[in-house]
Amino acid sequence: MNEQVWRLAVRAAGTSLDVLSGAMYLAGYEGIEILPSDRDDDDRVTVRAYALTRHGLEELARVAAAVPGCEVGRIEEIEVEDWAEGWKKYFQPQRIGATLVVLPPWVSPKHYPDRTPIVIKPGHAFGTGTHASTRLVLEALERVRPRVGTRGPVVDLGTGSGILAIAAAKLGLAPVTAIDVDPEALYEAQENARANAVHLLVRTVEGDAQDVPAGARLVLANLSAPVHRAIAGTLAPRLQPGGRALLSGLLEDEVEGIVAAWPDGWERRVAVLEEWALVEFVAPS
Ligand SMILES: C[S@@+](CC[C@H](N)C(=O)[O-])C[C@H]1O[C@@H](n2cnc3c(N)ncnc32)[C@H](O)[C@@H]1O
């Protein structure tokens, strides 16, 4: 059914996008679209907010106009087909495993009373739950959670948006250290941690596994195969006896190379989703 609605477009990037999505979160917007620029040299995105009244967008336009770096368009009245269904296709919450759901900030977790919500704001850091490599870790985390010991750090190496670290914290694990080579990713991870009311320790690293705290009981790492190969020898000794590493970001044919780089004698299991694979290693007790 066709309906008249109001639309406001704002172009934003980086911190301005963070502030904007925070304002939308507080305002409780439900109809949002995010479109990448069609120019390679422009890393801004266009955020389109929809509301059933013009008034509903005026406050957002005022907030966006005050955020440095945001370019605010006009509020327009448009006709959309099947409004209620239309916006959902862009921001479908991701149900993952039996108990998790990843949500953008403007979808209320109350729609998923039987799931543990992980709220992720749109940002630049990788990790919204749509990529198979992220889903593989979340599903494995849910599966191994009952067997994870009670002592020792839990580490998310290559945290990006913080999605895996936040999931670990939401599943009751602490302390959780989120590590990344990219300080901006850590900023976004902290913002997301706040939106989920969980606490993360964060660490910026230069690019090896030296900063993984010793005696880790669980390491989550969604990284590329060359990084996994490069850090295997440093990472493995940092796990406690019986500790687990969930290594993702691998194509199926890259698994053997990782197994070869890892020390002998560890129990291992491989999970596959689409063309992506996860290797779970368990340290000898
Ligand atoms: C594929 S993203 C994974 C994001 C998120 N953990 C997820 O699963 O969706 C990989 C992240 O690892 C970071 N990274 C790359 N090499 C790294 C290294 N050697 N040590 C720590 N972080 C690294 C990147 O900056 C990026 O944020």
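Begin by selecting helices H4 and H5: H4 passes H5 in a right-handed crossing (right-handed if the near helix is turned clockwise from the far one by less than a right angle, left-handed if anticlockwise). Helices here are DSSP runs of H or I with at least four residues, strands are runs of E with at least two, and both are numbered from the N terminus. This is a predicted model, in which local features need pLDDT of at least 70 and side-chain atom pairs count only at pLDDT 80 or more, while totals for chains, interfaces and linings use all residues. Residues are numbered from 1 along each chain as its sequence is written.

H4 contributes Thr-134, Val-137, Leu-138 and Leu-141, and H5 contributes Ile-163, Leu-164, Ala-167 and Ala-168 (contact: C-beta atoms, placed from the backbone, within 7 Å). The helices pack at an angle of about 15°, with their axes 10 Å apart (axes are lines fitted to C-alpha atoms, for helices over the stretch in contact, and angles run from 0 to 180 degrees between N-to-C directions). H4 and H5 are therefore roughly parallel (angles under 35 degrees).

Now select the sheet. Seven strands form an open sheet with mixed pairing, in the order E10-E9-E8-E11-E12-E14-E13 (strands pair if DSSP finds at least two bridges between them). Its edge strands are E10 (201–204) and E13 (267–273). The twist averages 15° from one strand to the next.

Within the sheet, select E8 (residues 154–157) and E11 (residues 216–222), which run parallel and are joined by four bridges. Leu-157 has Ala-221 of E11 as its bridge partner.

Conventions. Parallel < 35°, antiparallel > 145°, perpendicular 65-115°, else oblique. Contact = placed C-beta atoms within 7 Å.
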